[in-house]
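Let's take a walk through this structure together, starting with the overall fold and then zooming in on a few spots.

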Amino acid sequence: MNVILLGAPGAGKGTQAVRLAEKYGIPHISTGDIFRSNIKGQTPIGIVAKSYIDKGQLVPDEVTIQIVKERLEKDDCKCGYLLDGFPRTVAQAEALDKFSKVEAVVNVDVPLNKLLKRITGRRVCAKCGESYHVDYLEGKTTCAKCGAELIQRADDNETTVSARLEVYEKQTAPLIEYYAQKGVLITVDGDGDIERVFNSICEKLG
Ligand code: AP5
Ligand code: MG
Ligand code: ZN
């Protein structure tokens, strides 16, 4: 099953992707995670990516498309994949159509006014990538899954988040129409608790 998770920053793509990848036994591929690990390793891609991510802008299409193309060629994608955060522009979607067949696009729909609070309160596991929210952590500072330290992402401050939301509206939201036209769009209400959103995605994916 070749699936895309579409949604605004903070919609819950990463949170749902971890659970869906486990249930369906397909790899979770997050371009944001790939960039962050390159930034950590100070690779040439990481250095380029950081200059855009810090401003809340998109990393240029040619860089991003090449990374995803190479990733999807790996053996573990033979039985499907779950893309989280790619494509994010119409040019990326058109490129993806040339090297892979997208079967379902899940649009996780959350009202704009909820997103800022979700993102600024987010804490992520430095090791396994699980996302948490301070409202539910009860003061805990380590990951419930693997015990590693929880950190705040560098681009999760209010200024950068506003830029990310604007970029989403302009450059990524048009993909909803793009995939609706192709007849592969599934929309789920992302404004419920995590389990409920997960169940409604699974129901619609079948
Ligand atoms: P990326 O890492 O993809 O960030 P994003 O799209 O901004 O999305 P987030 O990761 O912030 O949100 P999410 O939807 O995964 O939410 P989460 O599950 O964590 O990209 C980062 C940057 O990299 C981009 O800005 C860009 O510069 C670059 N980039 C990446 N891909 C690119 C591409 N294709 N092209 C160009 N550039 C690219 O949840 C958020 C919070 O809400 C958490 O605290 C979580 O616990 C909580 N939460 C989740 N679900 C619920 C729920 N149902 N109820 C209550 N709280 C919830
Ligand atoms: Mg994410
Ligand atoms: Zn962890």
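Predicted model: local features only at pLDDT ≥ 70, side-chain atom pairs only at ≥ 80, totals over all residues.

Residues are numbered from 1 along each chain as its sequence is written, chains are lettered from A and ligands numbered from 1 in the order in which they are written, and side-chain values use heavy atoms, with hydrogens and water left out.

Start with the big picture. The protein chain has ten helices and eight strands (DSSP runs numbered from the N terminus: H or I of at least four residues for helices, E of at least two for strands).

Now for the metal. The zinc ion (ligand 3) is held by the SG atoms of C125, C128, C143 and C146, 2.3 Å away; donors are N, O and S atoms within 2.8 Å of the metal (3.2 Å for Na, K and Ca), and water is not among the atoms, so sites may look incomplete. Along the chain these donors are spaced C-x2-C-x14-C-x2-C. C128 sits in the loop between β5 (122-125) and β6 (131-133) and C146 in the loop between α7 (134-137) and β7 (150-151), so this pair ties together parts 18 residues apart in sequence. C128 is partly exposed at 40% relative accessible area, and C146 is partly exposed at 32%.

Next, look at T31, in helix α2 (residues 31-40). T31 is buried, at 3% relative accessibility. A polar atom of its side chain lies 3.1 Å from the backbone oxygen of G85. Beyond neighbours within four places in sequence, T31 contacts T64, V68, D84, G85, F86 and R88, contact meaning heavy atoms within 4.5 Å.

Finally, helix α9 (residues 174-182) buries L175, Y178 and Y179. They span an arc of only 85° around the axis, so they share the same side of α9 (the arc is that of the directions from the helix axis to the C-beta atoms). The buried residues of α9 pack against β1 (2-6), α5 (90-99), β4 (104-109), α8 (158-172) and β8 (185-189).

Key:
Buried < 20%, exposed > 50% of the residue type's maximum accessible area, 1.4 Å probe, protein only. Polar contact = N/O pair within 3.5 Å; in protein donor to acceptor, adjacent residues only side chain to side chain.
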